[in-house]
Amino acid sequence: MSVIVAKWTIDEYHRMIDAGILSDRKVELLKGEIVEMSPEGEPHAYSSGEAGDYLAKLLTGQAKIRHAKPITLPNNSEPEPDIAIVQPLGREYRQHHPYPENIFWLIEYSNSSLEKDLETKSKIYAEAGILEYWVVNLKKLHLVVFREILDGEYATKLTLARGTIQPLAFPNIFVAVEQIINS
């Protein structure tokens, strides 16, 4: 017996949200599938919060830091990355979530969802044209950096535990890896 999965469009997903169908669920839309999100433990909440504050100071006036808010991607995906570094478009975000062209880079903090973040989400983000994607592995306390999209996937994967990194969108900014990991 084969299993057929019902796929949803972003518009259908938004209608479910508006109707309150998903109001008691912590979910996100990934390639047309409504996927449960892992609960956020203390290390996850602390690290992502501190990193967001650090990036907000570092990028003042150049970018907006969004914490666990949806982004809209053309591949029927509306994930909620832990941190999205986006163009500061102000009230325009009352009309739509950030699109790929509004996103500088994304960061996920991962413990129990490591496989989903490293495999599934990296493919979704690369396919959508997100030029840079970071995953903080909370178990090993290191940062995995995905860059260089080739054939719809990231061609470069770099693992860092210390030092600095320059985001592609801001080559004059040096981000301290330890401030992102918050070990």
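Helices (H or I, at least four residues) and strands (E, at least two) are DSSP runs, numbered from the N terminus. One of these runs, strand 7, holds His142. The model is predicted: local features need pLDDT of at least 70, side-chain atom pairs count only at pLDDT 80 or more, and totals for chains, interfaces and linings use all residues. Residues are numbered from 1 along each chain as its sequence is written, and side-chain values use heavy atoms, with hydrogens and water left out.

**Nonpolar cores**

- A nonpolar core is a set of buried Ala, Val, Leu, Ile, Met, Phe, Trp, Tyr and Cys residues joined through side-chain atoms within 4.5 Å. Buried means under 20% relative accessible area, exposed over 50%, and partly exposed in between (1.4 Å probe, protein chains only).
- The largest nonpolar core has 26 residues, and those with the most contacts inside it are Leu55, Ile85, Trp105, Ile107, Trp134 and Ile180.
- Elements that give two or more residues to this core include helix 2 (42–58), strand 5 (103–110), strand 7 (142–150) and helix 4 (177–181). Strand 5 supplies the largest share, 4 residues.
- Apart from this core lies another, of 20 residues, among them Ile103, Leu114, Ile130 and Tyr154.
- Contact means heavy atoms within 4.5 Å. Leaving aside neighbours within four places in sequence, the residues in contact with Trp134 include Trp105, Ile107, Leu143, Val145, Pro167 and Ile180.

- His142 counts as buried, at 17% relative accessibility. Not counting residues up to four places away in sequence, His142 touches Val135, Val136, Asn137, Thr159, Leu160, Ala161 and Ile181.
- His44 lies in helix 2 and is buried, with a relative accessible area of 11%.
- Beyond its neighbours within four places in sequence, His44 is in contact with Asp82, Tyr109, Ser110 and Leu138.
- A polar atom of the His44 side chain lies 3.0 Å from the backbone oxygen of Tyr109.
- His44 and Asn137 are 93 residues apart in sequence, and their C-alpha atoms are 9.8 Å apart in space.

**Salt bridges**

- Side chains of opposite charge can pair when their charged atoms come close. A salt bridge is a side-chain nitrogen of Lys or Arg within 4 Å of a carboxyl oxygen of Asp or Glu. The structure holds 9 salt bridges.
- Lys7 forms a salt bridge with Glu33, with the closest N and O atoms 3.0 Å apart. Lys7 lies in the segment before helix 1 and Glu33 in strand 2, so this pair ties together parts that are 26 residues apart in sequence. Glu33 is partly exposed, at 30% relative accessibility.
- Lys26 and Glu80 form a salt bridge, their closest N and O atoms being 3.3 Å apart. This pair links distant parts of the chain, 54 residues apart: Lys26 is in the loop between helix 1 and strand 1, and Glu80 in the loop between strand 3 and strand 4. Lys26 is partly exposed at 46% relative accessibility, while Glu80 is buried at 14%.
- Lys31 and Glu127 meet through their side chains in a salt bridge (2.8 Å, N to O). Lys31 lies in the loop between strand 1 and strand 2 and Glu127 in helix 3, so parts that are 96 residues apart in sequence are tied together. Glu127 is partly exposed, with a relative accessible area of 42%.
- Salt bridges that share partners join Glu28, Glu108, Lys116 and Lys121 into one network.

**Lys121**

- Lys121 is found in helix 3 (residues 114–128) and counts as buried, at 3% relative accessibility.
- A polar contact is a pair of N or O atoms within 3.5 Å; within protein, one must be able to donate a hydrogen and the other to accept it, and residues adjacent in sequence count only if both atoms are side-chain atoms. The side chains of Lys121 and Glu28 make such a contact (3.0 Å).
- Not counting residues up to four places away in sequence, Lys121 touches Glu28, Leu30, Pro79, Glu108, Lys116 and Tyr133.

**Positive phi angles**

- Most residues other than glycine have a negative phi.
- Lys31, which is not a glycine, has a positive phi near 50°. Lys31 is partly exposed, with a relative accessible area of 36%.
- Asn76 also is not a glycine and has a positive phi, of about 50°. Asn76 lies in the loop between strand 3 (64–67) and strand 4 and is partly exposed, with a relative accessible area of 30%.
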